[in-house]
Amino acid sequence: MNTVLKVTDAAVFAGNKQLVEPTSFELAQGRVLTIVGETGSGKSLLAQAVAGLLPDGLSATGVANLNGTHFDLAKPASLRPLWGRTLGILPQEPWLALDPTMRALDQVAEGHRLVRHLERAAALDEARRDLKALGVEDAEGKLPDQLSGGMAQRVAFAAARAGGARIVIADEPTKGLDVARRDDVIALLMKEVEAGGSVLVITHDLALARQMGGEIAVVLQGQVIEKGETEAVLSNPSHDYTKRLIAADPANWTAMARQGLQSEPILVADALSKTRGGKLLFSGQNLKIHRGEIIGVSGPSGSGKSSLGDILLGLIKPDDGVIARLPGAARHRFQKIYQDPPSSFPARITIGQNLDDLIRLHGLDRRILSALLKRLRLSEDLLQRRPSDVSGGELQRLSIARAMLLEPVFLFADEPTSRLDPITQQETVDLLVELARERDCAILLTSHDKALIDKTCDKVIDIAAA
Amino acid sequence: MIRLLFGRLVQAALVALMVGLLTFVMTRFLPGDLAYRIAAGRYGYDIVDSAAAAKVAAELSINQPALVALGQWMFDLVRFEFGTSLISGQPVWEEVSTQLGHTLKLAAVAILLSLLIGPPLGILAGLRPGGLLDRSLILISTGMRALPQFVVGLGIIIIFSLTLGLFPVAGHDHPGHLVLPALTLALGLAAVSNRVARDAMRSVSETAFYTFGRTKGLSEWEVFRGHGLRNVAVPIITYLGVQFVYLIEGVVVVETLFAWPGIGHALVHAIFGRDVPMIQGAAFIMGLLFVALNALVDALCHLIDPRERRT
């Protein structure tokens, strides 16, 4: 087998602090290597070090051998000539990675013209061929904001490779994507592999690793703890952490005990309908939510999951239909947990101040917060920090604490774990459900992950345009 | 595009109405005896007396009721009939249009100069935020903007005219006369536009698409030309629209300082002389000019930004 990329002792430092321990791996032609690990394990840093893309303030050591040439990872500038030509770096958020003021075709043609030095007309022809090969020839004349997520993904993929790169580095290529688009990305990457290219994938999504095949390396706290053929490692993990990682995949969860519906309904919705952007999301949607009930909504993004939840909370108005909320329950007892924890906290004040304001506003007992924090396994010290200084998992548990503080009767959890890695996701969902059960609080849980919904919820509803 | 220009046309009509009303009200409320001041303007302060003032008042029907006068003025406006200057006796339109020509020449050169100074420096600073250029620029810009324009103008006269002897101080008969007043205006404009350019460049260079341009394999210059320039140009040009207010305000001061025979200069003199038709005419034209320039900015953004073209 022909090795195209051989990394020896790649390590990442912030000043003197070692973030990633010296790590070595190899990538063969026509093969996939997946690096998995939880958020903060250093797996992304490893990929960034190899690509010469570490953020300011971080430095790397080690050597990368590309097709026989040695590159010193401590000198990221020396890697720049490889960008686009040898290394194709797939952007994480394709929509944001495309210039909003340039047609899709031109963005792809750039690589052919400026990196491969083709004539303008030839470059445009090549770009057209690329888009056609990916099935998005109608994206040509469009600007990024006219592209669907899947189309943007393909255009970005074509653009990343136009310079002739045959080694593709994809950092979290499926983060926050629904199933359909996820499969799209996997198909794109596999196509590259079949054509003889090599792919380095960084992810926390084990299902992705399984589908991609090839080899896998599991990273924990900056160290590779296990590596080998993906199939073999995932079916017979030797390291304890790998086992936990596999168990945390929602498909492997044990289903939670379901609850009966003896209690009184707290929210009854009748014949709701909603149109957004000219598209009918749902109509004639009926829903009855009882105390302490956990209801799941699953479906692709854009199907109206969030809109339904926001309508039930009264944050947006339905086009049609009526909602009856439990009489006597104050409006603030209908709460929401947001998808992206950092953006649901004010960035410039400490978390403690945010929560104290809430306690003062509603005249609550401070001891409730302490009890909640203990229950959610959160240290009181976290309250002194700002949202940016707390991990995503902790922050999402803090937002659960913040919602629970108000003794909600209904909680809308909108994709609360889609940005968290599997182990953190499982912990978070478990705690959320436990707390809700204890407090007789109903939950409407949305997720693009069907398995997560199926294993967690008492009842699953489909939203559909009747 | 058509809808956009139509919107500006409606705006122009509204501006005309507002400026017409306001100048009328404001000139009515100017302190002092209107007729007396006009007579003084015509015959000189030494020989003016109440008889002359009364004659002026009668001739110009200054004592007619306010509402009648307003109606008359509005009616004249609709027909683009600005009347004649109370002091020179020339038709206002004739006077204003020659002055406007001078002012436009000055303003155009000032904008051009400011665009040559401000945005390039700002873009360089934005590419290296916190660098030496960035820090020096913020100091100079803040200072430049904090100084009143007549001080900047005087400083420029002292340096370029009195000390170095490069350009004439005042006058308007050859292009060299344009340089100093235009530079005074341009520095004030550039002091702000370089900050706008700097912030725009900084935020564009931090976007994912800028990084993606690099990882696609483009050189730093290719990324800037392909993905930086167009994205930075839109806020800079949009901001020009806002800067026209500053320009119009600046023209009044700078033209007076450099004795440039433009519309700002004329406006100041008209106010001193209580030359009501001239005040109204000049203010009216400046208001419309402001709308026209903003329409031009819209059109430019339209050409640069394909997202605008589509709508």
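Let's start at the contact between the two chains. Chain B puts in 17 residues and chain A puts in 22. Which elements of chain B supply at least two residues each to the side that touches chain A? They are helix H9 (208-215), H10 and helix H13 (306-310). By class, that side of chain B has five nonpolar, six polar and six charged residues.

Keep in mind that this is a predicted model. Its scores are ipTM 0.74 and pTM 0.73. For chain B, the mean pLDDT is 83. In that chain, 98% of residues reach 70 or more.

Now chain B on its own. It has 13 helices and zero strands. Along the sequence, the pattern reads α-α-α-α-α-α-α-α-α-α-α-α-α. The C-alpha trace spans about 85 × 55 × 30 Å along its principal axes.

Domain 1 is 2-92, and domain 2 is 93-310. Their C-alpha centres are 31 Å apart. How many residues are in contact across that boundary? From domain 1 of chain B there are 27, and from domain 2 of chain B there are 21. On the domain 1 side, helix H1 (2-29) and helix H2 (34-43) of chain B each give at least two residues. H1(B) has the largest share, with 12 residues. That side of domain 1 of chain B counts 15 nonpolar, 10 polar and two charged residues.

Next, a helix pair in chain B. Take helix H10 (residues 220-257) and helix H12 (residues 276-304) of chain B. H10(B) is one of the helices that also supply the side touching chain A. The axes of H10(B) and H12(B) come within 10 Å, and they cross at roughly 175 degrees. An angle over 145 counts as roughly antiparallel, so H10(B) is roughly antiparallel to H12(B). Who meets whom? On H10(B), look for Arg230(B), Ala233(B), Val234(B), Ile237(B), Thr238(B), Leu240(B), Gly241(B), Phe244(B) and Ile248(B). On H12(B), look for Met286(B), Phe290(B), Leu293(B), Asn294(B), Val297(B), Leu300(B), Cys301(B) and Ile304(B). By class, this contact has 13 nonpolar, three polar and one charged residues.

Over to chain A. Here domain 1 is 3-248 and domain 2 is 265-461. The C-alpha centres of these two domains lie 33 Å apart. The contact between them takes 12 residues from domain 1 of chain A and 14 from domain 2 of chain A. On the domain 1 side, H6 and helix H9 (240-247) of chain A give two or more residues. That side divides into five nonpolar, four polar and three charged residues.

H6(A) comes up again in a helix pair. Helix H5 (residues 149-161) and helix H6 (residues 179-194) of chain A pack at about 20 degrees, with their axes 10 Å apart. Parallel or antiparallel? Angles under 35 degrees count as roughly parallel, so H5(A) is roughly parallel to H6(A). Their crossing is right-handed. H5(A) contributes Gly149(A), Gly150(A), Gln153(A), Arg154(A) and Phe157(A). H6(A) contributes Arg181(A), Asp184(A), Val185(A) and Leu188(A). The classes in this contact are three nonpolar, three polar and three charged.

Methods. Residues are numbered from 1 along each chain as its sequence is written. Chains are lettered from A and ligands numbered from 1 in the order in which they are written. This is a predicted model: local features need pLDDT of at least 70, side-chain atom pairs count only at pLDDT 80 or more; totals for chains, interfaces and linings use all residues. Axes are lines fitted to C-alpha atoms, for helices over the stretch in contact, and angles run from 0 to 180 degrees between N-to-C directions. Helices (H or I, at least four residues) and strands (E, at least two) are DSSP runs, numbered from the N terminus. Angles under 35 degrees count as roughly parallel, over 145 as roughly antiparallel, 65 to 115 as roughly perpendicular and the rest as oblique. A crossing is left-handed if the near helix is turned anticlockwise from the far one by less than a right angle, and right-handed if clockwise. Two residues are in contact if their C-beta atoms, placed from the backbone, lie within 7 Å. Ala, Val, Leu, Ile, Met, Phe, Trp, Tyr, Cys and Pro count as nonpolar, Asp, Glu, Lys and Arg as charged, and the others, Gly among them, as polar. pLDDT is the predictor's confidence in each residue, from 0 to 100. Domain bounds come from an automatic or database domain assignment.
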